[in-house]
Amino acid sequence: DLSSNNLQTLPDELFQCRKLKSLKVNDNSLSVLSGKIQQCTLLSKLELKGNPLEELPVEIRQCTKLKRSGLIIDEFLSETLPMSIKSNLTSTQDIPIDVRLLVPGKGSHPHLENIV
């Protein structure tokens, strides 16, 4: 976990860690994420919240294990993702196959009365 270390850049050597699965660099001063992130093909969790990033490199789509649920970024940054990246980051594994809305009836648990 490299969060809150006032990092301005990530060293190129970090991207040579081929077995890297999780990278947490929240709350730093990163303005750019290197395209070398593509070398981390096993990366399944990437946390970038709280950095002054304006965009993610298109090379991130090479991180095929990284799904939307494992990408933790500021909301405005997710809106700037190119469609090619969004489609790679969306997987049927991230979306529940069967979602049911349960509306409590009489005899249900009292703490569930206001949940819809």
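Q: How do strand 1 and strand 2 pair, parallel or antiparallel?
A: In this predicted model, strand 1 and strand 2 pair in the parallel sense, and the pairing runs over 3 bridges.

Q: What sheet do they belong to, and in which order do its strands come?
A: They belong to an open sheet of 3 strands, which has the order 1-2-3 and parallel pairing. The edge strands are strand 1 and strand 3, the latter covering residues 71-72, and each of these pairs on one side only.

Q: What stands opposite lysine 24?
A: Lysine 24 stands opposite glutamate 47, a residue of strand 2.

Q: Which residue does glutamate 47 form a salt bridge with?
A: Glutamate 47 forms a salt bridge with lysine 45, and the closest N and O atoms of the two are 3.5 Å apart.

Q: Are those two buried or exposed?
A: Glutamate 47 is buried, with a relative accessible area of 13%, whereas lysine 45 counts as partly exposed at 29% relative accessibility. The cut-off that matters here is that buried means under 20% relative accessible area, so the value for glutamate 47 falls in that class.

Q: How many salt bridges are there in the whole structure?
A: A search of the whole structure finds 2 salt bridges. Besides the one between glutamate 47 and lysine 45, there is a salt bridge between lysine 36 and aspartate 12, with the closest N and O atoms 3.1 Å apart.

Q: What does the pair of lysine 36 and aspartate 12 tie together?
A: Lysine 36 lies in the loop between strand 1 (22-24) and strand 2 (45-47), while aspartate 12 lies in the segment before strand 1, so the pair ties together parts that are 24 residues apart in sequence. As for accessibility, lysine 36 is partly exposed at a relative accessible area of 35%, and aspartate 12 is also partly exposed, with a value of 35%.

Q: Changing topic, where is serine 3, and what is it in contact with?
A: Serine 3 is found in the segment before strand 1. Leaving aside its neighbours within four places in sequence, serine 3 is in contact with Lys24, Val25, Asn26 and Asn28. For asparagine 26, the backbone nitrogen lies 3.2 Å from a polar atom of the serine 3 side chain.

Q: And which residues have the most contacts inside the largest nonpolar core?
A: That core has 23 residues, and those with the most contacts inside it are Leu10, Leu23, Leu33, Leu46, Leu48, Leu56 and Ile60. In soluble globular proteins, nonpolar side chains tend to be buried together. If we take leucine 33 and leave aside its neighbours within four places in sequence, its contacts are Leu10, Phe15, Leu46, Leu48, Leu53, Leu56 and Pro57.

Q: What pattern does the protein follow along the sequence?
A: The protein has 2 helices and 3 strands, and reading along the sequence gives the pattern β-β-β-α-α. Of its 116 residues, 30% are buried.

Q: Where is confidence highest, and where is it lowest?
A: Among the elements, confidence is highest in strand 1, at a mean of 97, and lowest in helix 2 (residues 83-89), at a mean of 70. For the protein, the mean pLDDT is 79, and 73% of its residues reach 70 or more.

Q: Over which residues does pLDDT stay under 50?
A: It stays under 50 over residues 92-116, for which the model has 10 contacts beyond four places in sequence. Where pLDDT is low, the predicted coordinates should not be read in detail.

Key: Residues numbered from 1 in each chain as written. Predicted model: local features only at pLDDT ≥ 70, side-chain atom pairs only at ≥ 80, totals over all residues. Heavy atoms only, no water. Salt bridge = Lys/Arg side-chain N within 4 Å of Asp/Glu carboxyl O. Helix = DSSP H or I, 4+ residues; strand = E, 2+ residues; numbered from the N terminus. Buried < 20%, exposed > 50% of the residue type's maximum accessible area, 1.4 Å probe, protein only. Polar contact = N/O pair within 3.5 Å; in protein donor to acceptor, adjacent residues only side chain to side chain. Contact = heavy atoms within 4.5 Å. Core = buried A, V, L, I, M, F, W, Y, C linked by side-chain atoms within 4.5 Å. Pairing = 2+ DSSP bridges. pLDDT = per-residue confidence, 0-100.
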